[in-house]
Amino acid sequence: MNHSTGKALLVATKFAPPRLGARSVQREALLKYLQQMRECRLTSLVASAGFGKTTLLAQWRQALLKEGADVAWLSLSIDDRQLSTYCAYLQSAIEQLGVNLDGSIALDVTSGDGLDERLAEIVGQIAEVNRELFLIIDDYQHVTDPRAHRLMQKLLEHCPANLHLALASRMALPLSLGKLRVMGQVVEIDGDNLPFGHAEVRQFFDSNLTGVSLSSDELHQINELTNGWPASLQLILLMLKNNPDARAQLRDLAWKSDDLQAYLSEDVMQHLPGELAQFMESLSLCRRFNAALATELTGRDDALELLRRMDEENILTFRVDTPDRRSWYRFHPLFGEFLTTRLSRRGESVIIELHRRAARWLGSHGHLAEAVRHALQCGDHELAAELVEQVTRRPLEMDYVRPLLRLLNRLPREVLLKHPNLFCLYCLCYAVSAQPEKAQAYLDQLDETDLHANAALRHNLPLMRAAIAVQQDETDQVVQWIKDYAPLPSDHALVRYMPLTLMSQAYAGEGRFDEAMTYFDNFPIALDHDDEVALLSENARLLCLSLQGRTRDVQMKAPDLLARAISLYGYGSVASDLCAATVAEAYREQNRLDDARETLANRFSIMSSMLPSIMLRTTLCRARLNLLQEPATQTLVFLERQERHFLRSGQERVAAHLQAEQVRIAVELKDTALAASILERLDGLARRHSDARGFRAEIPVQATLARARLLRATGYPQEALAALELVADFARRRSSGQLHVSVLLLMALAQDDLRRRSDAEGSLLHALQLGDALGLVRTFLDEGKQVQKLLLRLPPIAQDDPSCAYLESLLRHFSLPAQAGLEDADGAGTTAASAPSTPLTPREIAILQLIGETMSNKRIALTLNISLETVKWNLKNIYVKLGVSSRYDALSWARKHRVV
């Protein structure tokens with residue numbers, strides 16, 4: 001074939017990348033990483049279908065063009081498997097870089113005669129071009145001829161310094177890259193790097209989903225479901241555009257989608273051999289798998305080889321990082337659901353047998369949570385009982401709790417009594433999952449005969465009673481039960497570490513925080529091993545600090561503990577949920593509101609199945625964060641709904657705090673009638689607990705605090721001060737620093753109402769000293785603009801006084817754009833801050849940015865991969881929108897308004 005004739009037959013679109021939408025998400029971190037390519041010969045992008053390889057390369061191409069580099073693009077297809085066709089396209093792509101190649105590469109490669117000499121000529125011709133040249137080849141997996149790979153290998157080995165190759169493929173590149181890696185000449189990106197992070201998922205939906213604003217919880221759910229897989233994000237976007245109401249069923253919306261099923265069938269499964277497809281279906285029941293487990297499940301001796309093939313071909317399979325020396329893998333969640341659906345066609349008996357095999361193998365290798373899950377899935381309760389006996393002899397992950405309860409609920413009482421460790425574990429599991437009434441019901445069934453016959457049951461009875469008491473806020477009894485209790489060396493970790501949490505809560509309930517810390521010091525927690533219960537006990541120490549209001553101390557340690565929990569046990573684990581509750585409140589108090597929201601995102605269980613103190617603080621944290629973004633009426637609805645839930649659960653202390661918060665919001669809204677009606681409910685609780693001890697003593701105190709707010713709001717500042725003195729006395733006795741600061745601020749406001757300016761200044765300075773020591777911010781801000789006015793009116797504080805810098809910091813926080821859903825003291829509504837709006841579309845802004853880089857219209861068209869006419873049409877729109885008549889004027893406007 002004549003070379004010029006051959007060029008005429010080539011498909012021109014293969015040399016143009018897909019157009020990037022104006023709302024596409026810029027992969028900033030990856031693009032920055034690709035900058036290393038300027039010093040390297042090869043960039044390798046290897047990942048499954050739909051992971052955004054092409055989009056990333058197209059964005060990188062734009063960046064290179066903006067910098068003035070010469071870039072050629074080549075997209076391959078299944079039709080290009082023939083060696084001569086591939087070589088023709090490769091040669092044409094090189095020639096688009098301004099390299100004139102005489103003759104045809106294809107002839108040299110096909111014959112093999114003189115290939116090295118011909119390649120030397122090509123390399124020499126490329127080297128003569130005095131510019132940096134970039135050749136991007138997409139979908140390289142379609143290259144199957146070994147001679148073509150040999151050509152690319154030689155080109156890489158002899159690559160001139162000014163040529164840089166980028167190859168994107170769904171399969172591992174069949175090239176020898178070891179020497180290039182050692183030389184630092186390869187930039188590699190794979191399926192672990194390409195998924196969208198949470199921030200990119202947010203940007204993707206914010207940019208493309210008009211009219212629908214997804215919450216942090218929904219975005220976290222999408223990210224967890226899709227693992228950041230761009231193709232599935234695009235499908236969810238399309239479905240939400242067509243039916244915004246479907247957001248309530250995001251999980252089903254995703255994996256049951258016909259579009260997704262078709263995509264996986266056609267783009268992922270269609271070209272796989274039947275035996276490999278069946279092998280993958282059998283593994284889909286497992287959350288993770290390795291070669292030994294795969295062999296056990298499928299009976300295939302070549303399981304290791306098949307797993308390696310799945311890994312090399314990137315069939316939506318990922319390696320799992322574990323301390324285990326075995327190589328573990330998992331399927332993408334959506335792909336796993338898809339395979340399980342296909343597996344169901346093989347019949348229920350097949351599925352049951354696979355679950356049973358998985359349970360036995362996992363149980364024998366120490367993976368008990370997964371083993372119990374499989375045993376329950378196949379209905380083999382006897383096997384599950386055998387497995388759960390092993391739990392009492394091994395470290396427990398808290399994710400076992402619910403599977404254990406499901407199993408233990410199916411065992412007769414007689415069986416549990418024969419296994420005292422299981423009985424104790426059963427009661428403790430119910431207690432730690434906020435179901436103390438069920439644990440108590442089982443304890444009530446014990447009689448003297450049972451206890452007399454079972455020494456282990458007698459020994460652990462105080463611990464079980466104390467665990468129930470803590471969940472019911474009866475903390476005044478816990479110290480008596482636990483002070484002489486000593487776990488046995490053979491006891492389970494949950495039994496060994498439970499006293500730490502129980503005693504710390506009992507001491508905290510009485511304000512005996514120093515004794516709580518001493519108790520922790522006497523029983524040091526070893527965090528140098530992977531024991532989730534030990535980690536939870538360390539979080540209990542931080543919770544004690546948080547209950548004191550020592551936000552700065554919590555902030556120093558809690559984020560690292562949360563990171564450890566997520567790393568070891570996952571985002572949705574009990575450990576990470578509990579740590580997140582502590583971290584989120586610290587972030588919120590320090591006015592790091594976005595960090596607090598992200599920390600709590602998609603963690604609803606914290607408000608319903610944890611320790612009462614954690615449920616309370618998390619619910620208040622969520623409510624106060626919501627109040628900064630939503631109308632106050634919505635927050636009141638949320639708080640009232642949660643109040644009803646906690647009253648039904650017998651958590652009256654938690655309900656009292658939520659009622660007091662509702663009174664605060666109603667007072668800020670100047671709805672004193674609503675505040676009075678809520679206070680009436682709160683007074684009812686206070687009367688029932690007027691003589692309460694421990695945590696329940698907070699109930700009448702919260703009623704007194706709420707009454708003080710209402711008294712001041714209705715013109716009775718003197719009476720408000722009298723009530724606040726009672727609360728201040730309680731805060732001092734209980735070492736509740738945060739409550740003490742809140743009371744001091746309210747006292748300062750009431751004293752100012754009475755024109756007792758000196759007293760108001762004294763209360764305010766005292767609040768500053770305490771707030772500085774504790775690291776408080778939102779406690780001041782949440783009391784509103786009137787506190788800011790009092791702070792501004794304070795006499796100058798000496799520069800060497802620590803309160804001076806703290807006051808300046810608080811005033812800076814007050815001056816930030818308002819975000820409250822309440823009205824301020826002057827009655828002016830405040831809403832969430834937003835960036836100045838611009839009439840320009842994202843594409844128009846992109847064009848303005850390139851104008852700012854002195855690009856011509858033609859160069860802009862090439863960079864954005866649009867036509868020259870489109871650039872001109874967009875420029876006309878820009879001029880009309882901005883009321884200008886030239887590129888210079890448009891750019892001046894953009895710089896003035898910080899658009900570019």
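User: What order do the strands of the open sheet have?
Analyst: The order is S2-S3-S4-S1-S5, with parallel pairing. Strands here are DSSP runs (E, at least two residues), and helices are runs of H or I of at least four, numbered from the N terminus. Two strands pair if DSSP finds at least two bridges between them. This is a predicted model: local features need pLDDT of at least 70, side-chain atom pairs count only at pLDDT 80 or more, and totals for chains, interfaces and linings use all residues. Residues are numbered from 1 along each chain as its sequence is written, and side-chain values use heavy atoms, with hydrogens and water left out.

User: Which strands stand at the edges?
Analyst: Strand S2 (70-75) and strand S5 (186-190) do. Each has a single partner strand, so one side of each lacks a neighbour in the sheet.

User: How many bridges pair S3 and S4?
Analyst: Strand S3 (residues 133-138) and strand S4 (residues 163-169) pair over 5 bridges, in the parallel sense. Leu135 has Leu165 in S4 as its bridge partner.

User: Which strands does helix H4 touch?
Analyst: Helix H4 (residues 83-95) packs on the sheet and touches S2 and S3. The direction of H4 makes about 150° with that of S3. Axes are lines fitted to C-alpha atoms, for helices over the stretch in contact, and angles run from 0 to 180 degrees between N-to-C directions.

User: And helix H7, which strands does that touch?
Analyst: Helix H7 (residues 146-157) touches strand S1 (42-46), S3 and S4. Its direction makes about 145° with that of S4.

User: New topic. How many residues has the largest nonpolar core?
Analyst: That core has 115 residues. Phe423 and Leu502 have the most contacts inside it. A nonpolar core is a set of buried Ala, Val, Leu, Ile, Met, Phe, Trp, Tyr and Cys residues joined through side-chain atoms within 4.5 Å.

User: What does Leu502 touch?
Analyst: Leu502 touches Leu463, Ala466, Ala467, Val470, Val478 and Ile482, not counting residues up to four places away in sequence. Contact means heavy atoms within 4.5 Å.

User: Is Ile665 buried or exposed?
Analyst: Ile665 is buried, with a relative accessible area of 0%. Buried means under 20%, exposed over 50%, partly exposed in between (1.4 Å probe, protein chains only). Ile665 lies in helix H36 (residues 652-668).
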